[in-house]
Amino acid sequence: MKPYLRDFIPRTLSELPEDTSYEAGYLVTKNAGWRSIRPVINPEKCVGCLQCYLYCPDGVIYKWNEDAGRGKVAVDYDFCKGCGICRRICKTGAISMVDEKQALAQEASQERSGQHG
Amino acid sequence: MSLNARTLSEEEFFYGHKACAGCGGALAVRIALKVLGERAFAILPAGCMSAVGFNFPQLCFGNNAIISTFAGTASMLTGVRAGLQAQGITDCYVVGFAGDGGTADIGLQALSGAIDRDDDVLYICYDNEAYMNTGIQKSSLTPFGARTTTTPAGQRIRGNIRPKKNMFEIVASHNIPYAATASIGYLQDFINKVDKASRIRGTRYIHVIAPCPTGWGIAVDETVDIAREVVDCGLWYLAEYEQGHYTLNRRPSEFTEITHYLSRQSRFRHLTQEDVEVIQRSRDDKWKQLEALQNR
């Protein structure tokens, strides 16, 4: 299981732990805003060699998932920083780096048309 | 069953961290923890990985992890192991992740002590060849000729004038049960070594080269590529030391062009032909020494 974003963010003194320890894997902020380009995986070309999953410094490429399909991979865009190591490591050229602003605009327009449809 | 991309734990134990895009050190820590699993107690001194992993309340380690003093990675490893033992907890690993400065300069005494006591701990040094976290200052693992903020490239002195410390040999000379070098460019080799180290008792040391795009002056997507090239051109080597014997895991039949490796990085861009020849000569000498160690 991947670590996930939590809703609860300690803000006041009483919400802070009294000792020096705190829950492991406690994530409250995304890293998506760091990105100017994003990797997009072409499932047709992906052969499931998992090299991108292995070499991702942030571990945001995951495998064997409903949206990814068995033997394929998908990207957690909440935490991808857009470094592009995955594109360089991919032997079949299944990963392309796409302009983040364009991708976001496209997502927004798809959402709008989805609402109307 | 051997560990590889398919059989490695799918869980992520170093996730959502604030390391720069394309960070080599983050990749080393992530992969090592995937090999060791949830039952690893990680100790990190001051350095990039503690700075990017613990930003309260954002805690990016999925296992037990703690920040140590800069000089005390190995001492804290010893202490944590002793504490676990006192509580009767044995089914776990105690692992430290320190940078090159935290290992070869500041933490060397503590590491030497831990090896001498043969404490049951794994020490992983991720070597990005300078103090990257504080702004790229020279460490004793910065290679000859590299420009850092404390060894600038000037008219007369062109970057770092000292060679890289032979950290692997220093550790091996303690007669440590297991020591190895690795590169994040060859992750399968690194996975095998962490896996092997995890099954050995006593002090174990793995020195993994982990390029830093910010400090080396490379593009963020070149990290893995350059970590392969540094091995292919012979400026880094994949080796093991076990029960008194040195083994070279990879002996390129022909080294790739050193100038190609150097010219890709802005930290070496000022080097003259003369400097490159010095680097080339020291590489050839180093390999002679390594082969002599292997054959002794």
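Visitor: What makes the contact of Arg87(A) with Asp221(B) a salt bridge?

Guide: The closest N and O atoms of Arg87(A) and Asp221(B) are 3.4 Å apart. A salt bridge is a side-chain nitrogen of Lys or Arg within 4 Å of a carboxyl oxygen of Asp or Glu, so the pair qualifies. Across the interface of chain B and chain A, three salt bridges are found. The model is predicted, so local features need pLDDT of at least 70 and side-chain atom pairs pLDDT 80 or more, whereas totals for chains, interfaces and linings use all residues. Residues are numbered from 1 along each chain as its sequence is written, chains are lettered from A and ligands numbered from 1 in the order in which they are written, and side-chain values use heavy atoms, with hydrogens and water left out.

Visitor: Why is the pair of Tyr123(B) and Tyr205(B) called stacked?

Guide: Rings of Phe, Tyr and Trp (its six-membered ring) pair if their centres lie within 6.5 Å; planes under 30 degrees apart count as stacked, over 60 as edge-to-face and the rest as tilted. Here the centres are 5.8 Å apart and the planes at 25°, so the pair is stacked. Tyr123(B) lies in strand S6 and Tyr205(B) in strand S8 of chain B, 82 residues apart.

Visitor: How do you know whether Tyr123(B) is buried or exposed?

Guide: Buried means under 20% relative accessible area, exposed over 50%, partly exposed in between (1.4 Å probe, protein chains only). Tyr123(B) has 1% relative accessibility and therefore counts as buried. Tyr205(B), at 0%, is buried as well.

Visitor: What makes Phe168(B) and Tyr246(B) an edge-to-face pair?

Guide: Their rings are 6.0 Å apart centre to centre, with 80° between the planes. Phe168(B) lies in helix H6 and Tyr246(B) in strand S10 of chain B, so the pair ties together parts that are 78 residues apart in sequence. Both residues are buried.

Visitor: How do you know that Arg267(B) lies over the face of Trp216(B)?

Guide: A charge sits over a ring if NZ of Lys or CZ of Arg is within 6 Å of the ring centre and within 35 degrees of the ring normal. Arg267(B) lies over the face of Trp216(B) at 3.9 Å from the ring centre.

Key:
Helix = DSSP H or I, 4+ residues; strand = E, 2+ residues; numbered from the N terminus.
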